[in-house]
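Let's take a friendly walk through this structure, one pair of elements at a time. Have a look at the sequence and the model, and then read on.

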Amino acid sequence: MRAPAGAPAQERTLPMTEVLRTTIDVAAVRDRFSALKGDFAFLDAPGGSQVPDEVGDAIARTLREASANMGAVYATSQRIGRILAEAEQNAATFLGCDPAEVMFGANMTSLNFTLSRTAGRGFQPGDEILVSSLDHDGGVAPWLELAHDKDLVVRHIELNPDTTLDLDDLRSKLGPRTKVVAFAWASNAVGTVVDARRVCDLAHEAGALAWIDAVHYAAHEPIDVRAVGADVLLCSPYKFCGPHLGMACGRAELMETWRPYKARPAPTSPLGRRFATGTHPYELLAGFNAAMDYLASIGGIAAVAPYERSLGQRFLDGISDAVTVYGLPGMEGRVPTFLVNVEGVPAEEVASKLADAQIGVWAHDSWYSLNLYKRLGYADKSVRIGFIHYNTTDEVDRLIAALEATRGS
Ligand SMILES: Cc1ncc(COP(=O)(O)O)c(C=O)c1O
């Protein structure tokens, strides 16, 4: 592996004995996914994970057997009520909050537009929002639009050269006008993880809200929103084997103070439902419940994280100097998501040759991470590779060989 020009030297920290530890029965896991039956290697989980059959089955079953709306006395409507309550309980278990603090929406970005507008109703012209330069634009654009409408100021927290968050820069930008510190817990582009506890503490010391985009992090590391101290946290179940949905949790004492944007007759309790703007996609919530059952059956995210890290380490150990990896050079401080370029081969061509070799990766310019992209220094595009727990060591080895082969013809 080659480090990008100007990158600081850093040592790999995990010994091989540690990284070869497998914590899940990957073959048994893959048996549950029709999508994984062929030879195609899906290495694009950061764009959206594959889904076990039981999730699709639950969605179809709900449409067949429980198509109704909430609140009627007949059986299918009652069933819908139970699906929503179960989804709130599952989300609460996944995130470490109370079921009443859970909210669902179309996707993270839509929920973030809704919740940032709700939180910002009392903000005054000149109030400040800090966002991180590691962020996906789903975590930035909602604040920029709010700032546009309410004359607020959005400032970016800088990064260190290795793509970690510059906490000194954060400290220097916090002040009495700071209302929110919003940041991605893990980068969907380079995989760098932020010390979320530290950032939340700094935000709170300045009297600001701590607002976490956990979309990328949630697929790879377990979440305890109370332990980390976030006021609001958002993620997207389609990144961790669920359907296309967004979900969030907010601290109850904070949400109690918010005036929701909602249709007036819609329910106001439990608390989280106050922020639902209309009818929920009940069939997708049933799919979400099945995805949570699936994850629980394989031991949860905590159980698969070491295996995922071992895939990442195997990749880093196997690639040659012709492959430049942007961001952190080892597995320390990151999730197994990598932005790379192959020497002398345009990213689009790499992605297309890998597709020919039955390997699914993606070439893009910014990865929706507009501030990070400016700092990475590649001329055009890069290739993103994302491993998740259903990937295999064989797929990693095929990828390494296929990356090398892109230079040959
Ligand atoms: C880190 C991060 N934040 C936010 C988003 C936006 O999520 P959604 O597609 O649910 O709106 C993504 C999507 O890829 C992401 O990776």
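In strand E10 (residues 337–342), Val 340 is the bridge partner of Val 325. This is a predicted model, in which local features need pLDDT of at least 70 and side-chain atom pairs count only at pLDDT 80 or more, while totals for chains, interfaces and linings use all residues. Residues are numbered from 1 along each chain as its sequence is written. Strands (E, at least two residues) and helices (H or I, at least four) are DSSP runs, numbered from the N terminus.

E9 (residues 323–326) pairs with E10 in the antiparallel sense over four bridges; strands pair if DSSP finds at least two bridges between them. Which residues of E9 are buried on its two sides? Val 323 and Val 325 are buried on one side, and Thr 324 and Tyr 326 on the other. Here, buried is a residue with 20 or more other C-beta atoms within 10 Å of its own, the C-beta atoms being placed from the backbone.

Now turn to the helices. Two packed helices are described by the angle between their axes and the distance between the axes. Axes are lines fitted to C-alpha atoms over the stretch in contact, and angles run from 0 to 180 degrees between N-to-C directions. Helix H12 (residues 300–318) and helix H15 (residues 393–405) pack at about 25°, with axes 10 Å apart. H12 and H15 are therefore roughly parallel to each other, a term for angles under 35 degrees.

Definitions and conventions: Buried ≥ 20, exposed ≤ 12 C-beta atoms within 10 Å, placed from the backbone. Parallel < 35°, antiparallel > 145°, perpendicular 65-115°, else oblique.
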